Amino acid sequence: MSLLACGALLALAACGSSTGTPTPASTVTERADVVADKGAVPTPEVEPVWPLTGVAGQPDPRPAIAVKIENTSAARPQAGLDQADVVWETIVEFEVSRFVAVFQSQVPGEVGPIRSVRPMDPLIVSPLGGMLVYSGGQPGILALANAAGVQIVSHDAGAPGMYRSKERKAPHNVYGNPAEWWANAEAGRTAPGQQFAFARSAEQASAVTGGTPAGTLDLRLSGQSNPVWAWDAASGTWLRSEGGTPATAASGARLSAVNVVSITAGHPNTEFGAQGGAPVPTYDLVGSGDAVLATGGKTLPVRWQKDAQEQPMRLFLPDGSEATLAPGNTWVELVPAGTGTLTVS
C-alpha cells in the first residue's frame, strides 16, 4: 500500500517582552475584587457543536441513524448521501462496495436504495447507540445486528417509513424517510457522543497544520471499487468520483467530504456465505492500525485505535495526542489490508 509520508510538524514558540511600565493600581484592585466576588476564575464558555461533524450550532438530541446503502451502478445516484454526517465505505462479497451512511445533524427527505446488513456493520454502528436501518440479511448476521445495542429498523420486519420505489427494479428500490424513523425512536435513544475529535476551525485541524499538500486520493478497495477524491480549493472539500466518473446524489449535488479518513484493517472472510457459496467478509476493527487523514488539501499519516465494539474509533498522532478533523462531514474508507491501496498525489 502506498501512503504519503508525513510532513514535519511545525513547532511554534510564543515569546513575550516586558515594557517596564507598572500596572496601574486601580487595575490590580479591580481584578482582585472580581476574583474575590466570584471565588474562582470563570470557565470560558464553549460553543456547542453537532457531535458527528463538530459544526457549531444547537444540536438536536435525536439519535444517529445508520443506513445500509447500495453502491453499484444500478443504485446510483443514491438519495440522501449528500446530507450524511459520516459515510463508511466497506467491501462486501463479490468485491462490491457498500455504504453505512450516518445521519444526525441533517434530515434528508429520502434515503436509499437500502440493502441488507453485513457482519462489519455492528462494529461501525454500535458506538453510536442509535438506529440501524437495513433491508434483509442472513439469520446469523441479523443476530449480530440485534446484539449491537442499537434500535433495528428493518424493511423485512415492516418498520415504518420504508417503501419500494416504482422508479427502480428490486432489489435496488427500497427507500425510506428518516423523519418517520426518528418519530419512532425508542425511549432513551438520544444523540451520540463525539466519535472522531474535531478542531474548532478548519485551520486548526491536524492535517492542515502538520500535513503534506495533496491533490488526489486514489483508492483501490477491490477489483470492483475505485473511489477517487480530488481536492477542490473553491469549495474547501474533497470531491468524489467512482473511478473516472463524478459521483453525485439523487439531488444532483456532487458528493464531497471535508474530511476523508483512510483506515487500513484486516478483511477476513466469515463463516457466512453468499450466493454460490461466495464468502462474506468483515473487517478487523477492534485493535489498531495505520490510517491517513486528509483535510484541507493535505494528508497526514495517523494511527487508528478502537478498544471494543461499542467504543468509537479514534485517530492518534505519532506523539500520542489525538488527531483532529475539520468541522464538517467525513467519509471513512475501509482499505482491506494486503489487497487494498491508497495512492496520494
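Is tryptophan 331 buried or exposed? Tryptophan 331 is buried, with a relative accessible area of 1%. Keep in mind as we go that this is a predicted model.

**Aromatic pairs**

Let's start with the rings. There are four aromatic pairs in the structure, and two of them are described here.

Take tryptophan 88 and phenylalanine 196, which make a stacked pair. Their ring centres sit 6.4 Å apart, with 25° between the planes. Tryptophan 88 belongs to strand S2 (residues 86-91), while phenylalanine 196 is in the loop between helix H4 (178-183) and strand S8 (197-198), so the pair ties together parts that are 108 residues apart in sequence. Both partners count as buried: tryptophan 88 has 10% relative accessibility, and phenylalanine 196 has 6%.

Phenylalanine 99 and tryptophan 331 pair up edge-to-face, at 5.2 Å centre to centre and with 85° between the planes. Here phenylalanine 99 comes from strand S3 (residues 97-103) and tryptophan 331 from strand S22 (residues 330-336), so this pair links parts that are 232 residues apart in sequence. Phenylalanine 99 is buried too, with a relative accessible area of 1%.

One more ring is worth a look: the charged end of arginine 62 sits over the ring of tryptophan 182, 4.9 Å from its centre.

**Spaces in the model**

Now for the gaps. The largest pocket holds about 260 Å³ of space. It has 15 lining residues, and the closest to its centre are Glu93, Arg98, Arg115, Arg118 and Gln275.

| Space | Volume | Lining residues by class |
|---|---|---|
| Largest pocket | about 260 Å³ | six nonpolar, five polar, four charged |
| Largest cavity | about 150 Å³ | 12 nonpolar, one polar, one charged |
| Second largest cavity | about 40 Å³ | six nonpolar, one polar, no charged |

Key:
Residues numbered from 1 in each chain as written. Predicted model: local features only at pLDDT ≥ 70, side-chain atom pairs only at ≥ 80, totals over all residues. Heavy atoms only, no water. 1 Å grid on protein atoms, 1.4 Å probe; cavity = no way out; pocket = protein on both sides within 12 Å on 5 of 7 lines; lining within 4 Å. Points joined across faces, edges and corners; volume = space filled by probe spheres on them. Nonpolar A, V, L, I, M, F, W, Y, C, P; charged D, E, K, R; others polar. Phe/Tyr/Trp six-rings, centres within 6.5 Å; stacked < 30°, edge-to-face > 60°. Helix = DSSP H or I, 4+ residues; strand = E, 2+ residues; numbered from the N terminus. Buried < 20%, exposed > 50% of the residue type's maximum accessible area, 1.4 Å probe, protein only. Lys NZ or Arg CZ within 6 Å of the ring centre and 35° of its normal.
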